[in-house]
Structures are given as C-alpha cells and as structure tokens.
Amino acid sequence: MENLQKLLDDVKHILEKSKIEKDEAYKRSELFNIFNVLNLTADETRTHSAFIAELLNPDGSHGLGDQFLRSFISATDCLGSWEFDTRSAEVHTEWSIGGKNDDCTEGGRLDIIIEFKGKAIIIENKIYAGDQEKQLMRYYNYGRRNYPGGFRLLYLTLNGNDASKDSRGEKLTLGEDYYAISYKHEISDWLKRCIELAARRPLIRETLIQYKHLIDQLTMNDMDRNSQDELLKVMTDPKNIDSIRSIINLGAKWKERIFSLYVLTPLKEKFNDEWDIKIGNKGITVKHVNWTQYWISIYWGNTLGKNVLIGITTNKQGAKKIQIMDCLSGPGSHTPREGEEWWPYGWKWMDEKYWDVTQMVDGSLVEYLYQYINNILKEIDEKQLPM
C-alpha cells in the first residue's frame, strides 16, 4: 500500500507540473485554436470529414497537389502495399449511395470516398457517434459492386476501436474486409508529415498545427513530451509494476464506481420518489410508477460508455409500434421495422464525448442525461403517448 501511495503521489506531481506548463502556454497564446473557438471540435461532418477530405483532394485549395494524399497512403499500413494513381483521384464527402433497402444491406452516405481509376478508399469517420445498423456491411457491398480494381474500407475512430457487430454484420472480418485506423496514431502521424510538407506555406502550416492540436486534445494525447516521458518512467519502474498492474486490472470496476458515485446518484436526486432509476450490468432504466408497459432505457451492452443508445423499451410481448418519437429520430437513429416489439418508439445513439470519466466527475454527463430524459418526457406528455 505504501508503494501504491508513493506511485500516486509521483503521478500527481507530474500532472501538476504538466498543468503549470499548460498554463504558461496559455499565457503565451499557444493554446488558441480556431476549431475550439467556433465549437467545431467534435463535428464529424462539418469539421473532420470536410477538413481531411480537403487535404486528401489533389485539387484542394492547399495547392500542394497529391502530396498530402500520397503521404496519407504511405502513413496507413493497410494502404501502403497498394498502388494508386493519386493524380487521378477524386474526393467526395457525404457521398450518397442510394436509399437504404428493407434489410439495411444497401444504401446510405459515405463520409469520405477517394476514387481512383477502378479503385477506391472508403472512410467511415466516427468521433463520438455510434454505429448504424449494418453500416459497414452496406459500404462494403457498395465497394465490392462498383470498384473492379479493388477498394479499402477504413473504419476511423479516435483510438482505433473495432466496429460494432451491429455495423459489420456476421460476415465482415477486421483486417480482411475492413481496417480500423485511429486519429490517435494514423491521422496524428499523417498530420505531422503534412505539417512538414507545408513548411513553406505558413497559412496552411499553422492551420494544420491547430488541427493537430485539436486531435491531440480529442485523443487525450496533449500532454507535452517531457511529461509523457517522465510519467512513463515512473510507470515502468520495477517497484511500481505490481501497483500499475493492480490499477489496470481494476480499470472497468473503477469506471463503474465513478459512474455510480458521480452520475447515477446525482441523476436520481434530480427526480422525485415517483421515479424508479436503476442500473444493471448493461445500462440504466428510468420508469415512472404509473407506467405499465414501457420504460426509458439507456443501454451500453458489455462496455460502459461505448455504443450507448437511448430509447423506450418493454419486456411485454405484443407491444405495438405506435409512432417514432421526434427526439429519437434523425442522424444516428433506428426506426423499428414491422414486427419489432422491443423498441416501439425507436432508439438513438448517444454522443460518446460525454462518457469519459472526466465528464462523469465534472457533472457534464449527468446534465446531458437529464436533458435527454427530459426531452423524452416532454414529448410523451405533449403527445399523450401511452406508457
């Protein structure tokens, strides 16, 4: 226990020193970031897909031709063995591939597609949004049907997470049919190369530097190099190995305890005694004492904070789909098909940016959940929906 306390004290000291260095950087105006100022940090479409696509476009306004595109291909292992005629590339965002069919195996919109002569790179870009039903399967089917020279399907997330089974279906295999890449590694490394390529283009270079800082912020990789090295030195010291291993082994339970203390308890306090709010091993249920059929469900499956959805569900067979709620429609939503009983009003993916432990502790997640639940309750009341 003494070693563990010493370890925690050492880590706290390093983090405090890192915070002081950040404060000094702030005083020197080094933390100014136009993406943060305009509140565009997590907008997948308007910020990240649009910015990345512009860099990849040989005809982009950066004026560097296909240099950024060639750099991206060489920085991404699953693309490096392929030959592309980069000068012929055409880049599109939000590329429509038709309406979704009944079994969700065709149609949708591609976040980014780079078309070459008979080949393509398709990028599904995820910052915080959850997966849609059979999303990767639809994009894979499109690529296989339209590019005789072959294609690569890339699943881009902050940390290189795999796609959910709901998105990839039963047949797609990671590393064969699609590839997981991350902002933390592939995109970050690529941006470093882009900054070097733009060394003599100050306007482009400085914009790239700000975007790189944004990526470091989103992937929690914004600690300065010296502090990182110092922290790693403490964590790899032989006398600390057992303590570190114990902390890692408790990682999931630690997050669950944080959630219970700083999210579930304050959330319950926002409702009176007429409400029953419970947590299980796969989500939260919110139910009023007068509701006989349905309850609000916040469901995350096997991993707290990953692929979280919210909707109204039931365990009574024969419950009918009455209508899809407005607050559960739009991007990232799921409309039940005929005969699907368990989500009669539909469900929607929740924004994952609120599910980090920092947002749990500072109250951001509590407020986010409270507002979301209130929106649902308001619509139930206004439309007099049977519950």
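Where does Gln384 lie? In this model, which is a predicted one, Gln384 lies in the segment that comes after helix H14, and I start there as a way into the rest of the chain. Gln384 is not a glycine, and yet its phi is positive, at about 50°. With a relative accessible area of 61%, Gln384 is exposed, since exposed here means over 50%.

Glu94 also has a positive phi of about 50° without being a glycine. This residue is found in strand S1, which covers residues 90-96, and its relative accessible area of 31% makes Glu94 partly exposed.

Let me now step back to the whole chain. The secondary structure comes to 14 helices and 11 strands, and of the 387 residues in the protein chain, 45% are buried. If we take the contacts with a separation of 6 or more, residues 24 or more positions apart account for 61% of them.

The largest nonpolar core has 42 residues, and Trp190 and Leu208 are the ones with the most contacts inside it. A second, separate core has 38 residues, and Tyr294, Ile312, Met350 and Tyr368 are included in it.

Trp190 deserves a moment of its own. If we leave aside the neighbours within four places in sequence, Trp190 is in contact with Ile52, Leu55, Leu56, Phe68, Ser71, Phe72 and Ala75. Trp190 is also one of the buried residues of helix H8, which spans residues 183-197, and the others there are Tyr183, Ile187, Ser188, Leu191, Cys194 and Ile195. Looking down the axis of H8, we find these buried residues within an arc of 165°, and therefore they line one face of the helix. What do the buried residues of H8 pack against? They pack against helices H3, H4 and H9, and also against strands S3, S4 and S5.

From here I turn to the aromatic rings, where the count comes to 15 aromatic pairs. One of them is formed by Phe51 and Tyr211, a tilted pair with 4.4 Å centre to centre and 40° between the planes. This pair links distant parts of the chain, with Phe51 in helix H3 (residues 44-56) and Tyr211 in helix H9 (residues 202-218), 160 residues apart. Both Phe51 and Tyr211 are buried.

Another pair is Phe271 with Tyr370, and here the ring centres are 5.6 Å apart while the planes stand at 75°, so this pair is edge-to-face, the term used for planes over 60 degrees apart. Phe271 sits in the loop between helix H12 and strand S6, Tyr370 sits in helix H14 (residues 364-383), and the two are 99 residues apart, which again links distant parts of the chain. Phe271 has a relative accessible area of 12%, and because buried means under 20%, it counts as buried. Phe271 and Tyr370 also belong to a cluster that ring pairs build together with Trp275 and Trp291.

Tyr370 has a charged neighbour as well, for Lys270 lies over the face of its ring, at 4.8 Å from the ring centre. Elsewhere, Lys119 lies over the face of Phe84, at 5.6 Å from the ring centre.

Strand S6 (residues 275-279) and strand S7 (residues 283-288) run antiparallel and are joined by five bridges. The hairpin that joins S6 to S7 passes through three residues, and within this pairing Asp276 stands opposite Lys287 in S7.

Is Arg138 buried or exposed? At 1% relative accessibility, Arg138 counts as buried. Apart from neighbours within four places in sequence, its contacts include Ile97, Lys100, Cys104, Glu106, Gln132 and Glu133.

The other residue is Gly160, found in the loop between strand S4 and helix H7. Gly160 counts as partly exposed, at 30% relative accessibility. Not counting residues up to four places away in sequence, Gly160 touches Ala180, Ile181 and Ser182. Gly160 and His185 are 25 residues apart in sequence, and their C-alpha atoms are 8.2 Å apart in space.

Technical notes
Residues are numbered from 1 along each chain as its sequence is written. This is a predicted model: local features need pLDDT of at least 70, side-chain atom pairs count only at pLDDT 80 or more; totals for chains, interfaces and linings use all residues. Side-chain values use heavy atoms; hydrogens and water are left out. Two strands pair if DSSP finds at least two bridges between them. Helices (H or I, at least four residues) and strands (E, at least two) are DSSP runs, numbered from the N terminus. A nonpolar core is a set of buried Ala, Val, Leu, Ile, Met, Phe, Trp, Tyr and Cys residues joined through side-chain atoms within 4.5 Å. Buried means under 20% relative accessible area, exposed over 50%, partly exposed in between (1.4 Å probe, protein chains only). Contact means heavy atoms within 4.5 Å. Rings of Phe, Tyr and Trp (its six-membered ring) pair if their centres lie within 6.5 Å; planes under 30 degrees apart count as stacked, over 60 as edge-to-face and the rest as tilted. A charge sits over a ring if NZ of Lys or CZ of Arg is within 6 Å of the ring centre and within 35 degrees of the ring normal. The arc is that of the directions from the helix axis to the C-beta atoms.
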